[in-house]
Amino acid sequence: MADRRSTPRPGGGTQGADALRARCAALVDLVFTEDTLFLDALPDRLQANLVPALGLLAQALDEEPAGLARAARLVEECGVPREECPPELKVMLERLLR
């Protein structure tokens, strides 16, 4: 009988989870820095849409990969107007779940 063990998919498993965690942590660090300059410079509408979802993402950084992925999807779907995002934030949001 043939060996039917599954082959890990590229970007899956621990490496995929570690990469997602790193992207999420970088996004949280960008917006929630200690000096708050980046956050304060964001338009009010952008802050209102992004901050609650990003707060959940920050809490999920220590969770299992599935919980972190759910929080990342919330950030991705929170209605952040991408056209109002600074370039660095826009790129990070676009790459969050890629």
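Leaving out residues up to four places away in sequence, L57 touches C24, L27, V28, L68, A71, A72 and V75, where contact means heavy atoms within 4.5 Å. The model is predicted: local features need pLDDT of at least 70, side-chain atom pairs count only at pLDDT 80 or more, and totals for chains, interfaces and linings use all residues. Residues are numbered from 1 along each chain as its sequence is written, and side-chain values use heavy atoms, with hydrogens and water left out.

L57 is also among the residues with the most contacts inside the largest nonpolar core, together with L27, L50, V75 and L89. That core has 27 residues; a nonpolar core is a set of buried Ala, Val, Leu, Ile, Met, Phe, Trp, Tyr and Cys residues joined through side-chain atoms within 4.5 Å. Two or more residues each come from α1 (13-31), α2, α3, α4 (65-76) and α5 (87-95). Helices are DSSP runs (H or I, at least four residues), numbered from the N terminus.

Within α3, the buried residues are L46, L50, A53, L54, L57 and A60, buried being under 20% relative accessible area with a 1.4 Å probe, protein chains only. An α-helix has 3.6 residues a turn, so residues three or four places apart point the same way.

Helix α3 (residues 44-60) has 17 residues and should span 24 Å at 1.5 Å a residue, the expected span being 1.5 Å times one less than the number of residues. Its end C-alpha atoms are 24 Å apart, which agrees.

L42 sits in the loop between α2 (37-41) and α3 and is buried, at 4% relative accessible area. Beyond its neighbours within four places in sequence, L42 is in contact with Q47, L50, P86 and L89. The C-alpha atoms of L42 and P86 are separated by 8.0 Å, although these residues are 44 residues apart along the chain.

Note on methods:
Buried means under 20% relative accessible area, exposed over 50%, partly exposed in between (1.4 Å probe, protein chains only).
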